[in-house]
Amino acid sequence: MSSESDVDTTAKVDAEVERATAGAAGIQEIIAELQQQLVEFRRDIHAHPELSFQETRTTERILTTLREAGLDPQPLPETTGAYVDIGPEGAEFAAGFRGDIDALPVTETTGLPYASTVEGTAHACGHDIHTTVMLGLALTLERLHTQRISAGHRQGLGKRIRVIFQPAEETMPGGAKEVVRLGLLQPLPQIFALHCDPKLTVGSIGTRIGPITSAGDIVRIEVTGRGGHTSRPHLTEDVVGALGHIATTVPAVLARRIDVRSGVSLVWGHIQAGNAANAIPSTGILHGTMRILDAGAWKEAGGVLAPIVEQAASSYGVDVTLDHVRGVPPVNNTEAETSLIEEAARRVLAPKSVVLAEQSMGGEDFGWMTHEIPGSMFRLGTKTPGGEEYDLHRGDYTPDEGAITVGVKVMAAVAEAAVHSTS
């Protein structure tokens, strides 16, 4: 026989389920009404891409659209980008959501009628999709909040949601660090983001607990010595020989000094020295990136790299200068926030819509945010079923616009779940 407390608990659970189901139904209707507006918005900013910290027009379009919807968005001080809060004034925050807004110095080759009108600049990483999804999330939550107040629910959403339109993800250390510096994460208990994935079909998302992206640093090494004739190398410091030795030795030694499970990888993208076959130059440079999946190992590598470089250069008698620029930490997806995404996605998408995302050795400055507060980023499928498979940072990248609706549905469901789970 059930006790009175059991009956009360069951009634509360049933009420919660009913409220969540009703909210989901309302959200789907709102998103359907917004769909055409969101596609048009995405095509507009796609045709007018802007590079990191130059996203003035994009920021203005975001601000204008949100203001027209009755919201009070705020531009980020001293930079591009914006943020907006939705929900009852004075209520505590349930979660934050971040979308990056910058484009890449890439020439678009899609031939689309709304292709980039800015020579040498394109949304080749899908940030126009990210921006549009977050705009759709803000508009959806504002309508839902207003509807609930009209229906007699004085608190509307019940909690506040912050949506951040972040500039300059494509630079290191990235615009996310500026968002952190401005204190926009301080009132937030958790933060969520997404990233386009051209290998996943529209209607599916990829999640992973733990590091989903890698730390990414810039490493620049300059070698100097006495130049001279190649017939008399013993009278010089062989800069080219030193560069070659450093280029091959340092990555190998680093991989033995840092825990192999951290996935440390130092790869050179640029090497330069001299311009004549019979002259040993006096200067040369190496330029590359160091990537590490583990945040602890990333911190450790800073102290390990310099002595390895010095040791590799010492036998050549050259002077060496190391410039190690800390880029971004790994995006570390916390278990609770990732589970919240998965459960929300399964409610609004197909039951098998959630797949395991691959770890990426690419850098993503959302890592600065998950370094500060719990959070999770998921991969948003943008591949048309049966269509061509693209890659990110390519001039022909053509995401399926159906991903916009999918992204808004999932993020709105996450926002609803965050409000209820923190109640």
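Predicted model: local features only at pLDDT ≥ 70, side-chain atom pairs only at ≥ 80, totals over all residues.
User: How many disulfides does a search of the whole structure find?

Analyst: Cys125 is in no disulfide, with the sulfur of Cys196 as its nearest cysteine sulfur. Over the whole structure, the number of disulfides found is zero.

User: Is Cys125 buried or exposed?

Analyst: Buried means under 20% relative accessible area. Cys125 has 6% relative accessibility, so Cys125 counts as buried.

User: Which side chain of opposite charge is nearest to Glu342?

Analyst: Glu342 is part of helix α7, which covers residues 335-348. Glu342 is buried and has no salt bridge. A salt bridge needs a nitrogen-oxygen pair within 4 Å, whereas the nearest side chain of opposite charge to Glu342 is 4.3 Å away and belongs to Arg346.

User: Which residues does Glu342 touch, not counting those up to four places away in sequence?

Analyst: Glu342 lies in helix α7. With residues up to four places away in sequence left out, Glu342 touches Thr207 and Val354.

User: What percentage of the contacts in the protein chain with a separation of 6 or more comes from residues 24 or more positions apart?

Analyst: The protein chain has nine helices and 16 strands, and 51% of its 423 residues count as buried. Among contacts with a separation of 6 or more, the share from residues 24 or more positions apart is 82%.

Definitions and conventions. Residues numbered from 1 in each chain as written. Heavy atoms only, no water. Disulfide = S-S within 2.5 Å. Buried < 20%, exposed > 50% of the residue type's maximum accessible area, 1.4 Å probe, protein only. Helix = DSSP H or I, 4+ residues; strand = E, 2+ residues; numbered from the N terminus. Lys, Arg positive; Asp, Glu negative; His and termini not counted. Contact = heavy atoms within 4.5 Å.
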